[in-house]
Amino acid sequence: MCIRDRYYESALKWDPKNTAALYGKGTVLHILGRYQESNATLDMMLQGDLSRRGRASDQAVRYYQGEGIFYKAYNYHLMGDFAKARELVDTAKRYIPASDSVNYLSGLLYYHSNQYQLARDDFLKVLQSGVTNCDAQYYLGLIYMEWQDAPVEKPTVVKLPEALTKTREPEKPPNKSPANVESRERRAVNYFLGACSCMDATVRNMKQRIESLPSLDVEEAEKIVLKGRLEKKLFSYRVTAVSLIEGMIRIASTADIPNKKVYVDLINEILGRIRPPSEKPQ
């Protein structure tokens, strides 16, 4: 049992129907991979008095309803029951339609069932909200590579890392194609480049957090423990990102688009920065 789980258990001893404690315990069990226990705890929360005897606002009630149902959907997704996950995530959407987490999971479920248009719409909702989600861009790239009947659309705007924009001239659209539309494969590779840029930024932010540890007002022993945790998290993220980027390079290399080498070179530059050191941190 982790520390947070013990805190929630302690709170539930005083108030077994405490909405926040049940929600917190359910999410911790989800993180620990104890999906059935998580669902049972979330059911207890959802079946309780979410209004807290009228003290909670309608917005708060809808939040806990939506989030509780979302985590149940996520649990079923990870347990491989995609039909149940689909049913629950659609219910969660009715409570918190603007939730980035709900829309991302919904898009993921649509993607794995080959419902590309619905998946695209959900992933675009995530990106249009302004939230940073590298995976949403990655899946949009896969969708446009696989969706043979994808409509022709306006060009994708991809924000490149600052290090790349200083050394690369903006690519000019080829004369043979209208400037206001782009091909399916071109759109896919643009999303891949956006996903890679997003991963690059995530790695930089994680490294900056580690570098800022000496300035924290905590005991030296705590800094050492925290540094170890953050370094392992960074290493794990980099390994996962490298695997995804190498896959994107393989796919992009087969795309039938103008100036393909420019795209592949850009992605390779990002890969070089993200690739972790050869030795795993202790």
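These legends accompany close-up views of a predicted model. Local features need pLDDT of at least 70 and side-chain atom pairs count only at pLDDT 80 or more, while totals for chains, interfaces and linings use all residues. Residues are numbered from 1 along each chain as its sequence is written, and side-chain values use heavy atoms, with hydrogens and water left out.

**View A. Arg86 and Asp90 pair within helix 5.** The two side chains form a salt bridge, with the closest N and O atoms 2.8 Å apart. A salt bridge here is a side-chain nitrogen of Lys or Arg within 4 Å of a carboxyl oxygen of Asp or Glu. Helix 5 spans residues 82-95. Helices are DSSP runs (H or I, at least four residues), numbered from the N terminus. Arg86 and Asp90 are four residues apart in this helix, so about one helical turn separates them. Arg86 is buried, at 15% relative accessibility. Asp90 is partly exposed, at 28%. Buried means under 20% relative accessible area, exposed over 50%, and partly exposed in between (1.4 Å probe, protein chains only).

**View B. Arg34 meets Glu37 in a salt bridge.** The N to O distance is 2.9 Å. Arg34 is partly exposed, with 31% relative accessibility. Glu37 is also partly exposed, at 39%.

**View C. Further salt bridges.** Lys93, Asp122 and Lys125 are linked in a network. Elsewhere, Glu185 and Arg184 meet at 3.9 Å, N to O. The whole structure holds 13 salt bridges.

**View D. Leu216, Val218 and Leu226 make a nonpolar surface patch.** The patch covers about 200 Å². Patch residues have over 30% relative accessible area and no salt bridge; like charges are joined within 9 Å, and nonpolar side chains (Val, Leu, Ile, Met, Phe, Trp, Tyr) within 5 Å. Areas come from the Shrake-Rupley method with a 1.4 Å probe; for residues, only the protein chains shown count as cover. Leu216 sits in the loop between helix 10 (184-211) and helix 11 (220-252). Leu216 is partly exposed, at 36% relative accessible area.

**View E. Asn114 has a positive phi.** The angle is near 65°. Most residues other than glycine have a negative phi. Asn114 lies in the loop between helix 6 (100-112) and helix 7 (116-128). Asn114 is exposed, at 54% relative accessibility.

**View F. Asn259 has a positive phi without being a glycine.** Its phi is about 55°. Asn259 belongs to the loop between helix 11 and helix 12 (260-274). Asn259 is partly exposed, at 39% relative accessibility.

Methods
Helix = DSSP H or I, 4+ residues; strand = E, 2+ residues; numbered from the N terminus.
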